[in-house]
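Welcome! Please take a moment to look over the sequence and the coordinates before reading on.

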Amino acid sequence: MTAGPDARLAFSYRAKNANLVLAGTGKVTVIVDGRTTKTIDVSGSPTLYSLTDDKDPRTARLELRLDEGLEAHAFAFG
């Protein structure tokens, strides 16, 4: 997907970690269970970025806020 103005993506997952391939230039704000956990600076061609990295698997709600123009390609969970 290519992010438009005020782009957000939210879903629930169960895993130890969540990753996303991102491309373009901008920032992604990562919110887990309503708390901002990190901001990722994205720059360049498609690269895998770590969104979460927990010690044990858990169920959580993940929300991403993407700057306009950023591209999100594929999720990977572990």
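This is a predicted model: local features need pLDDT of at least 70, side-chain atom pairs count only at pLDDT 80 or more; totals for chains, interfaces and linings use all residues.

The report below goes through the sheet, the aromatic residues and one glutamate.

## How the strands pair

Let's take the two pairings in turn. E1 and E2 run antiparallel and are joined by 29 bridges. Their hairpin has 2 residues between the strands, and aspartate 33 takes a positive phi there, near 50°.

Strand E1 (residues 7–32) also pairs with E3 in the antiparallel sense, this time over 5 bridges.

## The aromatic cluster

Now for the rings: the structure holds 5 aromatic pairs. One of them joins phenylalanine 11 and tyrosine 13, whose ring centres are 6.5 Å apart; their planes meet at 65°, over the 60 degrees that the class requires, so the pair is edge-to-face. Tyrosine 13 has a relative accessible area of 6% and is therefore buried, whereas phenylalanine 11, at 22%, is partly exposed.

Phenylalanine 11 also forms an edge-to-face pair with phenylalanine 75, with 5.0 Å from centre to centre and 80° between the planes. This pair links distant parts of the chain, since phenylalanine 11 belongs to strand E1 and phenylalanine 75 to strand E3, 64 residues apart. Phenylalanine 75 has a relative accessibility of 32%, so phenylalanine 75 counts as partly exposed. Taken together, Phe11, Tyr13, Phe75 and Phe77 form one aromatic cluster.

## A glutamate in E2

Is glutamate 63 buried or exposed? This residue lies in strand E2 (residues 35–66), and its relative accessibility is 12%; buried means under 20%, so glutamate 63 counts as buried.

Which side chain makes a polar contact with the side chain of glutamate 63? The partner is the side chain of arginine 65, at 3.0 Å. Leaving aside neighbours within four places in sequence, glutamate 63 is in contact with Arg8, Leu9, Ala10, Thr29, Val30 and Ile31.

Technical notes
Residues are numbered from 1 along each chain as its sequence is written. Side-chain values use heavy atoms; hydrogens and water are left out. Helices (H or I, at least four residues) and strands (E, at least two) are DSSP runs, numbered from the N terminus. Buried means under 20% relative accessible area, exposed over 50%, partly exposed in between (1.4 Å probe, protein chains only). A polar contact is a pair of N or O atoms within 3.5 Å; within protein, one must be able to donate a hydrogen and the other to accept it, and residues adjacent in sequence count only if both atoms are side-chain atoms. Contact means heavy atoms within 4.5 Å. Two strands pair if DSSP finds at least two bridges between them. Rings of Phe, Tyr and Trp (its six-membered ring) pair if their centres lie within 6.5 Å; planes under 30 degrees apart count as stacked, over 60 as edge-to-face and the rest as tilted.
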